[in-house]
2 protein chains.
Amino acid sequence: MTDTSTRPASPTLDEVAVLAGVSRATVSRVINDSPRVSPEAREAVQAAVAELRYVPNRMARSLVTRRTDTIALVLNEPNTQVFSDPFFASIVRGLSAALADTDLNLVLLTARDEREQEKVGRYARQGHVDGVILMSVHSEDPLPDILAVAGVPLVLCGRPFDDREVAYVDADNRGGAVVATQHLLGTGRRRIATVTGPLDMIAGVDRQAGWRQALITAGLEPHPDLVAEGDFTEAGGQRAMAELLARVPDLDGVFVASDPMAVGALRALRAAGRRVPEDVAVVGFDDAAVAETCDPPLTTIAQPLADMTPLLTELLMRQIDGVAGPAESRICQTQLVRRASA
Amino acid sequence: MTDTSTRPASPTLDEVAVLAGVSRATVSRVINDSPRVSPEAREAVQAAVAELRYVPNRMARSLVTRRTDTIALVLNEPNTQVFSDPFFASIVRGLSAALADTDLNLVLLTARDEREQEKVGRYARQGHVDGVILMSVHSEDPLPDILAVAGVPLVLCGRPFDDREVAYVDADNRGGAVVATQHLLGTGRRRIATVTGPLDMIAGVDRQAGWRQALITAGLEPHPDLVAEGDFTEAGGQRAMAELLARVPDLDGVFVASDPMAVGALRALRAAGRRVPEDVAVVGFDDAAVAETCDPPLTTIAQPLADMTPLLTELLMRQIDGVAGPAESRICQTQLVRRASA
DNA sequence: CACGGCCGTGAGAGCGTTCTCACGCCCCCG
DNA sequence: CGGGGGCGTGAGAACGCTCTCACGGCCGTG
C-alpha cells in the first residue's frame with residue numbers, strides 16, 4: 001500500500017486519550033459535554049484536543065449514534081430558474097437561520113430530472129442525512145414516495161397534490177388569494193384577471209382557486225379568458241400579462257400569483273400604456289423584497305416565512321426524534337400588505 | 001431504552017449474506033462490482049439485496065474507506081442575492097451535470113457570516129465531504145485557510161486575491177474585459193465607462209483592470225469618473241449606470257462587468273433617453289440567458305462554463321486521489337459574443 | 001500422474017466512535 | 001466507626017462495512 005496522499009492523518013480519540021492521560025471514554029464524555037467528568041480530567045482533555053487539533057470523525061460517530069446531524073433541503077426543479085426566485089432564497093435563509101444556533105447542518109441538494117432525483121433518494125437512504133425538507137413539488141414527483149418507503153423523515157415545503165400521508169408546511173395560498181382578489185374588488189374593480197403560477201404546482205393551483213372563489217362569491221364569473229398561466233418568473237409574468245391584455249383589453253385589475261411575475265406584469269402594463277393602479281390595479285403574492293422597490297410599489301400577500309421555516313425544522317426534528325405522528329402538517333396565515341399598486 | 005422511533009431498521013450486509021447463503025465478504029464484493037465473484041453467487045446476492053431492499057450504510061463504509069463520495073460546493077456570500085445570479089445557477093447546473101455519470105454526490109452549503117463559515121469548515125473537517133469547491137471568495141475570506149489547514153482538498157471557483165498556494169479555476173476575466181473594451185473602441189467609441197463588480201471580489205477587480213488596460217493601450221485615460229461600482233445585481237447595475245450618466249453625460253460606450261448588471265444598465269439608459277447602441281454601446285459579461293432575451297440583445301463576453309465545471313471537478317478529484325500538486329490551477333479563455341447592443 | 005498457480009470464497013481484524021457496565025473511591029449518615 | 005450510595009473512571013463490546021490473508025478446488029503443464 002503506497003501512501004500517495006499528502007493529507008495528514010487526523011488524530012483519533014485514542015491519541016487524545018493517551019496525551020491527556022485518561023481513557024477513551026472520558027475523552028468522549030468531554031467531547032459530548034457529559035457532566036460526569038472531573039474538572040481536572042476535563043481540562044487535560046481540552047488541552048490535548050487543542051494541541052492535536054482533534055476533530056471527531058463524524059462517520060464513526062454516526063455509525064453508532066445513527067445520527068448525522070444533517071438535514072437536506074432538496075430543491076426539486078427541472079429548470080434552474082428557481083434559484084432566482086426570492087421565495088426560495090428566503091426559505092434557505094430562514095432555514096439556515098433557524099439552524100444556526102443548533103449543531104445541525106443544512107445541505108442543499110438539487111434534482112433536475114428523474115435520474116438526479118433517484119440520486120438524491122439514494123443519498124438520503126444511505127444515511128447521509130437525518131431528514132429531508134422537500135421544496136417545489138410538482139404533481140408527478142416520485143421523490144416523496146422514494147423517501148417515504150425508505151423511512152426517511154420528510155417534510156414538504158408546500159402542500160402535496162393528493163392529500164397523502166406526509167407532513168407539510170404551507171402558506172394559506174388559497175386564503176391569501178381570496179384576500180388579494182377581495183382587495184381588488186374592494187377598490188371597485190370588476191374585470192379582474194389572474195396570472196397564475198405553474199399549474200402543476202400546488203401553490204399555482206391554490207392561488208388560482210382563491211381568485212376563482214373570490215370572484216364567484218362576489219357574483220362575478222371567473223371566465224377562462226381572465227386566466228393566463230405563468231411560471232413564477234418575471235419574464236413569464238410579463239408574457240402572461242401581455243396575453244391577458246390582448247385577450248381582455250378592458251380588464252381593470254389583476255391578481256398575479258407571485259411578486260417576480262407581478263414585476264413582469266407591471267412592465268407589460270407600462271409597455272401597453274396602462275397606468276397602475278389608475279387603469280389596472282395589481283396585487284402580487286410573496287411580499288418579496290422587490291415588491292417594495294418596484295414602480296409602483298406592489299400591494300401583495302405576505303407569506304408567513306418567519307413562521308414557516310421554524311415549523312419546517314420543528315416538524316422534521318419531531319419525526320427524526322420519533323415523537324411525531326406521520327403526517328403532522330401546518331397551514332400558516334398570510335397577510336395583505338398594502339402599497340401603491342392596488 | 002424505549003424504541004420510540006417507527007423507522008424500520010435497515011438490513012445489514014450480514015443479513016443479506018445469510019439470505020444469499022454466502023459470506024459477508026462475497027456480498028461486499030458484489031456490491032462493489034468486484035470481478036472475483038462466481039455468477040451464481042452474484043445472482044444469489046443480487047436477489048437477496050432486492051428482496052431485503054438493502055442499501056449500504058455509507059457511514060460504515062466511509063469509516064473504512066475514508067471516502068464519502070460527496071463533494072461540497074460552498075457558496076460564500078453575505079447576501080442571498082447570489083442565488084439569483086445566473087452565473088451561479090450555471091455553475092451548479094454544470095457541476096451536477098459533470099457528476100451525473102459518476103457516483104459522486106454534490107451538496108451545496110451556504111455561509112453568510114463568519115459563524116456560518118466556521119460551521120461549514122467544521123462540516124468539511126469532520127469528514128462529511130471528500131473535497132470542497134468554493135465560490136465567491138471575497139478578499140478577507142477565512143474559509144480557504146480553515147480548509148487548507150485541515151487538509152481538506154479545495155478548489156476555488158475564481159482566482160484568489162493573493163497568489164496563495166491553492167488550486168483554482170477561473171475565466172480569463174481580465175482578457176475578456178480587454179476584448180470587450182476593444183470591441184467598444186472598434187465601433188468608434190471614445191468615452192467608454194465601466195460598471196464594475198464588487199471590488200472585494202477578484203472577478204470585479206480583474207474585469208476593471210482589463211477595461212483599464214484596453215483604454216491605456218488605446219491611448220485613452222481611464223478616468224475615475226468613468227468607473228462606477230456595482231454588485232453584480234440588476235438593481236446595482238441600474239444604479240451604477242445612472243451614476244455614470246450623471247457624472248459623464250457624454251459617454252458613448254460602457255463595459256458592464258456582468259449581464260444582470262447590464263440589463264439594469266440598459267434600463268437606466270432607456271430611462272435617460274439614450275438609444276442603445278446608437279448613443280451608447282453596451283457590452284456585458286457572462287453570456288447569461290438574459291443577454292439573448294433583453295432589449296436590445298446584449299453583446300457580451302461568454303464565460304467558458306463548459307470548460308470550467310469539468311475542470312473544477314477534475315482538479316478536485318486529482319487532489320482527493322492524491323495525484324495532484326497542491327495548487328494546480330487553470331484559466332479558461334473567454335469569447336466575445338456579438339449581438340445588437342454594441 | 002504429480003505439482004504449481006489461479007480463482008472463488010470465508011474468517012477475522014480493523015476503521016473511530018459511543019455506550020453499557022462494573023469498579024473503586026470518597027462522603028455522608030446512622 | 002461501619003455500611004450504603006453516589007460519582008468519576010476505564011474496559012470492552014458494539015455499529016456495518018472493507019480488505020487482507022489463507023484456504024480449498026480446479027485447471028494446465030511438465
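**View 1. The protein surface near DNA strand D.** In this predicted model, 26 residues surround DNA strand D, and the closest of them are Ser23(A) and Ala41(A) from chain A together with Thr12(B), Leu13(B) and Ser28(B) from chain B. Four helices each supply at least two residues of this surface, namely helix H2 (24-31) and helix H4 (58-65) of chain A and helix H2 (24-31) and helix H4 (58-65) of chain B. The largest share, five residues, comes from H4(B). Sorted by class, the surface near DNA strand D has 14 nonpolar, eight polar and four charged residues.

**View 2. Packing of helices H1 and H2 in chain B.** Helix H1 (residues 13-20) of chain B packs with H2(B) at an angle of about 105°, and the two axes are 8 Å apart. H1(B) is therefore roughly perpendicular to H2(B). On the side of H1(B), the contact is made by Leu13(B), Asp14(B), Val16(B), Ala17(B) and Ala20(B), while H2(B) contributes Arg24(B), Val27(B) and Ser28(B). By class, the contact of H1(B) with H2(B) has five nonpolar, one polar and two charged residues. Two of the residues in this contact, Leu13(B) and Ser28(B), are also among the closest to DNA strand D.

View 3. Chain B is superposed on chain A, with an RMSD of 0.1 Å, by a rotation of 180° with 0.1 Å of shift along its axis. That is the relation of a two-fold axis. Which residue of chain B comes closest to the rotation axis? Ser84(B) does, with its C-alpha at 1.8 Å. Of the interface residues of chain B, 97% are also interface residues in chain A, so the copies meet through the same surface.

**View 4. The six-stranded sheet of chain A.** Six strands of chain A form an open sheet of mixed pairing, in the order S7-S6-S8-S9-S10-S12. Its edge strands are strand S7 (227-229) and strand S12 (335-337) of chain A, each of which pairs on one side only. From one strand to the next, the twist averages 20°. Within the sheet, strand S6 (residues 192-196) and strand S8 (residues 253-256) of chain A run parallel and are joined by four bridges; the bridge partner of Ile192(A) in S8(A) is Gly253(A).

**View 5. A helix across the sheet of chain A.** Helix H8 (residues 173-186) of chain A lies across S6, S8, strand S9 (281-286), strand S10 (299-302) and S12 of chain A. The helix runs at about 165° to S9(A).

Definitions and conventions: Residues are numbered from 1 along each chain as its sequence is written. Chains are lettered from A and ligands numbered from 1 in the order in which they are written. This is a predicted model: local features need pLDDT of at least 70, side-chain atom pairs count only at pLDDT 80 or more; totals for chains, interfaces and linings use all residues. A residue is near a molecule or strand if its C-beta atom, placed from the backbone, lies within 6 Å of it. Ala, Val, Leu, Ile, Met, Phe, Trp, Tyr, Cys and Pro count as nonpolar, Asp, Glu, Lys and Arg as charged, and the others, Gly among them, as polar. Copies are superposed by least squares on the C-alpha atoms of residues with pLDDT of at least 70 in both. Two residues are in contact if their C-beta atoms, placed from the backbone, lie within 7 Å. Two strands pair if DSSP finds at least two bridges between them. Axes are lines fitted to C-alpha atoms, for helices over the stretch in contact, and angles run from 0 to 180 degrees between N-to-C directions. Angles under 35 degrees count as roughly parallel, over 145 as roughly antiparallel, 65 to 115 as roughly perpendicular and the rest as oblique.
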